[in-house]
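The exercises below are to be worked through with the sequence and the coordinates at hand.

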Amino acid sequence: MRIAFTGSHRVGKTTLAEEIAESLPDYEFINEPYLQLEEEGYLFSEIPTLEDYIEQFNFSVEQLQNSDDNLIFDRCPLDLLAYIYAVEKRKIPPLSTKK
């Protein structure tokens, strides 16, 4: 089974995931895509951009597709889709109410 945690930043996902990983010795803990990409040399913008979130999402999906069972992921790809949606929505001007 694969376990992925979801939630906004700084709510305790990593702490909870690490504690659960400690109690499940047959499971491997996988850091969130941001930290893995940063470790590989990806340069994120100071304020995250749409491209940053898309890169993290693609990385996360690729990990899921290429992984075995018994993994605990610190961040669920659905979180990244939500961030992509939120950032993209900011770029779309609101609909006019004038007729």
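**Exercise 1.** What radius of gyration does the protein have, and what value would a compact globule of 99 residues have?

*Solution.* The model is predicted, and the values that follow are computed from it. A compact globule of 99 residues would have a radius of gyration near 13 Å, whereas the protein has 16 Å.

**Exercise 2.** Determine how many helices and strands the protein contains, and the pattern they follow along the sequence.

*Solution.* Counting the elements gives 4 helices and 3 strands; read along the sequence, they follow the pattern β-α-β-α-α-β-α. As for contacts with a separation of 6 or more, 64% of them are accounted for by residues 24 or more positions apart.

**Exercise 3.** Is Gln-36 buried or exposed, and which residues does Gln-36 touch?

*Solution.* First, locate the residue: Gln-36 is found in helix α2, which comprises residues 33-39. Next, apply the cut-off: Gln-36 counts as buried because its relative accessible area is 18%, and buried means under 20%. Then list the neighbours: leaving aside residues up to four places away in sequence, Gln-36 touches Ile-30, Asn-31, Phe-59 and Gln-63. Finally, consider polar atoms: one in the side chain of Gln-36 lies 2.5 Å from the backbone oxygen of Asn-31.

How values were computed
Residues numbered from 1 in each chain as written. Predicted model: local features only at pLDDT ≥ 70, side-chain atom pairs only at ≥ 80, totals over all residues. Heavy atoms only, no water. Helix = DSSP H or I, 4+ residues; strand = E, 2+ residues; numbered from the N terminus. Rg over C-alpha atoms; globule rule 2.2 N^0.38 Å. Contact = heavy atoms within 4.5 Å. Buried < 20%, exposed > 50% of the residue type's maximum accessible area, 1.4 Å probe, protein only. Polar contact = N/O pair within 3.5 Å; in protein donor to acceptor, adjacent residues only side chain to side chain.
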